[in-house]
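Me: I want to learn how to read a structure feature by feature. Can we take one topic at a time?

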Amino acid sequence: MFHATMRSAIEGARTLAQLDSLSRTIWQAHAAETVTDSEAQGLAETLHTRRSAIREAVAPVGIPLGRVTLFPPKRLQRAPERSVAIERRRRLACSGPMPPAIASRFTTGQLAVLRIVGDEMARHGACGLCIDAIAARAGVCRRLAQAAIRLAEGDGLLTIQERRHQGRKNETNVVRIISREWLQWLRRGGRSAAPGLLGSIGCKRTHPTDTGDPQGQIVDAGPKKESCRGPAGDPRRSDPVRILAGGRTGRAMR
């Protein structure tokens, strides 16, 4: 009796909710040993067939045929000039987006993406750009940009905060850098801490002492240059000087 009643109820069900209620009733009766294993299995197969028929008959409202979402399809992102995009990603990768020890883990395209993330972090404290904007600025495709950010997250360099909304469009993810070495690199402006690269850090520039003699008071006591007549300091070889009339000086005649 119970088996025939449940079969007719399954065939007369019009919604998935009714079928779910009937399924619970069947298995509760099976637990209470009202129906046998074979009867419960037969009713479950009938219920599954009816559920598939109802799902095929349900037509989505507001969604065009062949589509499973209300949102417009994503357009393929492609740079107008491939050479310009390649030059841009190389320039960004070579601009020092992160310390060399960390940058060695990533490729040129990935470094370009992380440079955009680092610039947004230094400017706003977090990167809230959509993945398409990051990829366009870095000169790469959106899949490469996603892979670079996920790889940096796996290495513990940054975190990704997802902002999902049920029933409406999600907001862009928020990316924050948590690596101390990377943050310190951004504070320095992308410069290394090596003194050879930063200059003489912590040292005052010294100037040589001015040894000039503006008043002519310093007497050179060193040895003078010898002339062809002998040492300049020899009193026997020097010419005597006498004071002439009128205050003039002259050398004595031999």
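Me: Which residues does Cys127 touch, not counting residues up to four places away in sequence?

Reply: This is a predicted model, so keep that in mind throughout. Contact means heavy atoms within 4.5 Å. By that test Cys127 touches Val117, Glu120, Ile134, Asn173, Val174 and Val175.

Me: Where is Cys127 found?

Reply: Cys127 sits in the loop between H6 and H7.

Me: Is Cys127 buried or exposed?

Reply: Check the relative accessibility. Buried means under 20%. Cys127 has 0%, so Cys127 counts as buried.

Me: How many residues apart in sequence are Cys127 and Thr172, and how far apart in space?

Reply: Compare the two separations. Along the sequence, Cys127 and Thr172 are 45 residues apart. In space they are 9.6 Å apart, C-alpha to C-alpha.

Me: What about contacts across the protein?

Reply: Take contacts between residues at least 6 apart in sequence. Of these, 47% join residues at least 24 apart.

Me: How many helices and strands does the protein have?

Reply: The protein has ten helices and four strands. Read from the N terminus, the order of elements is α-α-α-α-α-α-α-α-β-β-α-α-β-β. As for burial, 23% of the 254 residues count as buried.

Me: Which residues of H3 are buried?

Reply: They are Ala40, Leu43, Thr46, Leu47, Arg51 and Ile54. Look down the axis of H3: these buried residues fall within an arc of 145°, so they line one face of the helix. On the other side of H3, the exposed residues are Asp37, Ser38, His48, Thr49 and Glu56.

Me: What do the buried residues of H3 pack against?

Reply: They pack against helix H1 (2-12) and helix H2 (16-31).

Me: Arg51 is on that list. Why does Arg51 count as buried?

Reply: Go by the number. The limit for buried is under 20%. Arg51 has 15% relative accessibility, so Arg51 counts as buried. Leave aside neighbours within four places in sequence, and Arg51 is in contact with Leu16, Leu19 and Asp20.

Me: Is Ala17 buried or exposed?

Reply: Ala17 lies in helix H2. With a relative accessible area of 53%, Ala17 is exposed. Ala17 and Arg51 are 34 residues apart in sequence, yet 9.8 Å apart in space, C-alpha to C-alpha.

Me: How far does H4 reach from its first C-alpha to its last?

Reply: Run the check again. Helix H4 (residues 82-93) has twelve residues and reaches 17 Å. That is close to the 16 Å expected at 1.5 Å a residue.

Me: Which residues in H4 are buried?

Reply: Ala85, Leu92 and Ala93 are buried in H4. These residues cover an arc of only 100° around the axis, which puts them on the same side of H4. Ser83 and Arg90 are exposed on the other side of H4. The cover over the buried residues of H4 includes helix H6 (108-124) and H7.

Me: Is Ala135 buried or exposed?

Reply: Ala135 belongs to helix H7. Its relative accessibility is 0%, so Ala135 counts as buried. Ala135 and Ala112 are 23 residues apart in sequence and 8.9 Å apart in space, C-alpha to C-alpha.

Me: How should I think about empty space?

Reply: Rolling a probe the size of a water molecule over the atoms shows where empty space is left. Here, the largest pocket holds about 1100 Å³ of space. It is lined by 29 residues, and the closest to its centre are Lys74, Cys130, Ile131, Arg142 and Gln146.

Me: Which elements each supply at least two residues of that lining?

Reply: Helix H7 (131-138), helix H8 (142-154), strand S1 (158-163) and strand S2 (171-177) each do. By class, the lining has twelve nonpolar, six polar and eleven charged residues.

Me: Last one. Where is Asn170, in the loop between which strands?

Reply: Asn170 is in the loop between S1 and S2. Its relative accessible area is 37%, so Asn170 is partly exposed. Beyond residues up to four places away in sequence, Asn170 touches Arg163, Arg164 and His165.

Conventions. Residues are numbered from 1 along each chain as its sequence is written. This is a predicted model: local features need pLDDT of at least 70, side-chain atom pairs count only at pLDDT 80 or more; totals for chains, interfaces and linings use all residues. Side-chain values use heavy atoms; hydrogens and water are left out. On a 1 Å grid over the protein atoms alone, a cavity is a set of points where a 1.4 Å probe fits but cannot get out, and a pocket is an open set with protein on both sides within 12 Å along at least five of seven lines; lining residues have an atom within 4 Å of a point. Grid points are joined across faces, edges and corners, and a volume is the space filled by probe spheres set on the points. Ala, Val, Leu, Ile, Met, Phe, Trp, Tyr, Cys and Pro count as nonpolar, Asp, Glu, Lys and Arg as charged, and the others, Gly among them, as polar. The expected span of a helix is 1.5 Å times one less than its number of residues. Buried means under 20% relative accessible area, exposed over 50%, partly exposed in between (1.4 Å probe, protein chains only). The arc is that of the directions from the helix axis to the C-beta atoms.
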